[in-house]
Amino acid sequence: MYVLGIDGGQTGTTCLLALTDGSILGRGMGGHLIHLAHPQGSAVMRAAFAQAIGAAWADAGVAPQPCAAVYLGLTGVEEGAPEGAAAEKLAGELVQAPIIQANNDAT
């Protein structure tokens, strides 16, 4: 099974595609994030996620597939906060996974 790890911040978004054993298969880069409270915040986050995730799959030479889990480490987001839930929802629109969890980018 595959897992995705996404680190998103004000300077850019990085996505690593790995196997559940930790083997890294691909890396993708996407645009920067802005606060979700900004009128364009959701659209900017969605675009950055889509770009980074797509690039990671392409780098691995694997067609996008369901994942075991997706972890989002994002600037300005805390687990259980409304921004975290919004980020998890956006990621869930792009990746099918039973576990999608968002927290701050320090984790």
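1. Two strands count as paired here if DSSP finds at least two bridges between them. Keep that in mind for what follows, and keep in mind too that this is a predicted model.

2. Strand β1 covers residues 2-8 and β2 covers residues 13-19. A hairpin of four residues links β1 to β2, and the two strands pair in the antiparallel sense over seven bridges. If you want a spot to look at in the viewer, I6 sits opposite C15 of β2.

3. Next comes β3, residues 24-30, which pairs with β2 in the antiparallel sense over six bridges. Here L16 faces R27 of β3 across the pairing. Four residues lie between the strands in this hairpin too, and G22 takes a positive phi near 95° there.

4. How buried is β2? Five of its seven residues are buried, so the strand is largely enclosed by the rest of the structure.

5. On to the parallel part. Strand β4 (residues 69-74) is mostly covered, with five of its six residues buried. β1 and β4 run parallel and are joined by six bridges; one place to check is L4, whose bridge partner in β4 is V70.

6. β4 also runs parallel to β5 (residues 99-104), again through six bridges. A69 has I99 as its bridge partner in β5. To get from β4 to β5 the chain goes through helix α2 (residues 82-94), and this β-α-β crossover is right-handed.

7. Are the two partners buried or exposed? Y2 has a relative accessible area of 16% and is buried. W57 is buried as well, at 3% relative accessibility. Both calls follow because the cut-off for buried is under 20% relative accessible area.

8. Finally, a word on β1, which turns up in several of the points above.

Key. Residues numbered from 1 in each chain as written. Predicted model: local features only at pLDDT ≥ 70, side-chain atom pairs only at ≥ 80, totals over all residues. Heavy atoms only, no water. Buried < 20%, exposed > 50% of the residue type's maximum accessible area, 1.4 Å probe, protein only. Right-handed = clockwise from strand over helix to strand, strands pointing away.
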